[in-house]
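Please look at the sequence and the model shown below before reading on. The paragraphs after it are meant to be read with the structure in view.

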Amino acid sequence: MAESDPLSTRQGQAIYSPLVLKTYDLWVLGVSNHLLWRCPTAKLRALYNRNISANHLDIGVGTGYFLKHANWPDSEPNITLFDLNANSLQAAAQRIARLNPTTVQGDVLQPLPEIGPFQSVGICYLLHCLPGTMAQKTQLFDHISEVMAPGARIFGATILQGDAPRNWPAQKLMDLYNRRGIFSNTHDDQTALEAALHSRFVSVRIETSGCVALFEAAKS
Ligand SMILES: C[S@@+](CC[C@H](N)C(=O)[O-])C[C@H]1O[C@@H](n2cnc3c(N)ncnc32)[C@H](O)[C@@H]1O
């Protein structure tokens, strides 16, 4: 896809250089989650701990922070890391090296390769990085559903606009991130997210904290 294509997935992952990944946990999980997005990182850790299984696929892995701090239900879980950016894959794989994860590089807005089936899939802070309308970007759920076992859990969180409460610095930073293509969430709202989940999954639960929607659901 051309770089100027508004539906190109290149920009949403391009920022994750080794240097940026070194500052990610402090800036995003330490500062932004608390002061800007108003979703304490502890809530995201709890989301992981409620939903992870011993046969887990993580998509959009970043630094691997949540995988490192998760309470795995088994001492030798089968973990696959999937990301478009090789730096993220390397950082996350190193972070949880003792768990011996498998890494797969690819674009979640394309059909996934033959992997799985998995019992849980995490997509934390991925949707707001993906281009397109909520209806376009949530096509990732169709790709992910293909690699989920019956009854498997899908969960994650995403930063919304729409009616989501945002303080002034959060609005300004989000505008900047959208101008730079780091975020593409200008038209993302909770109603569209709910519709996308309900049309594909069962036992859908969405909780909001600040401008973050935390969601979890299951494949029937
Ligand atoms: C904001 S980070 C989230 C990291 C981690 N999940 C967290 O919550 O801290 C977004 C991650 O999604 C990856 N990503 C962005 N677009 C992607 C795409 N189209 N397909 C797969 N991964 C993508 C980025 O490379 C990056 O590792």
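The model is a predicted one, in which local features need pLDDT of at least 70 and side-chain atom pairs count only at pLDDT 80 or more, while totals for chains, interfaces and linings use all residues. Residues are numbered from 1 along each chain as its sequence is written.

The protein chain contains nine helices and seven strands; helices (H or I, at least four residues) and strands (E, at least two) are DSSP runs, numbered from the N terminus. Its C-alpha trace spans about 45 × 40 × 35 Å along the principal axes. The radius of gyration, taken over C-alpha atoms, can be set against a globule rule of 2.2 Å times the number of residues to the power 0.38. For 220 residues a compact globule would have a value near 17 Å, and the 16 Å of the protein chain agrees with this.

Of the 220 residues, 43% count as buried. A residue is buried if 20 or more other C-beta atoms lie within 10 Å of its own, exposed if 12 or fewer, and partly exposed in between, with C-beta atoms placed from the backbone. Two residues are in contact if their C-beta atoms, placed from the backbone, lie within 7 Å. Among contacts with a separation of 6 or more in the protein chain, 68% join residues 24 or more positions apart.

Strand 5 is mostly covered, since nine of its twelve residues are buried. Strand 5 pairs with strand 4 (residues 118-124) in the parallel sense over six bridges, and Phe-118 stands opposite Met-148 there. With strand 7, strand 5 pairs in the antiparallel sense over seven bridges; Ala-157 stands opposite Leu-214. Strand 2 (residues 78-83) and strand 3 pair in the parallel sense over four bridges, and Asp-83 stands opposite Gln-105.

Some backbone details deserve attention. The peptide bond from Gly-116 to Pro-117 is cis, with omega near 5°, and Pro-117 lies in the loop between strand 3 and strand 4. Arg-38, in the loop between helix 2 (18-36) and helix 3 (41-51), has a positive phi near 60° although it is a residue other than glycine. Arg-38 has 18 other C-beta atoms within 10 Å, so it is partly exposed. Ser-203, found in strand 6, is not a glycine either and has a positive phi of about 50°. Ser-203 counts as exposed because it has 12 C-beta neighbours inside 10 Å.

Finally, 20 residues surround the ligand, and the closest are Gly-60, Gly-62, Asn-85, Ser-88 and Cys-124. A residue is near a molecule if its C-beta atom, placed from the backbone, lies within 6 Å of it. By class, this shell has eleven nonpolar, seven polar and two charged residues. Here Ala, Val, Leu, Ile, Met, Phe, Trp, Tyr, Cys and Pro count as nonpolar, Asp, Glu, Lys and Arg as charged, and the others, Gly among them, as polar.

Definitions and conventions. Pairing = 2+ DSSP bridges.
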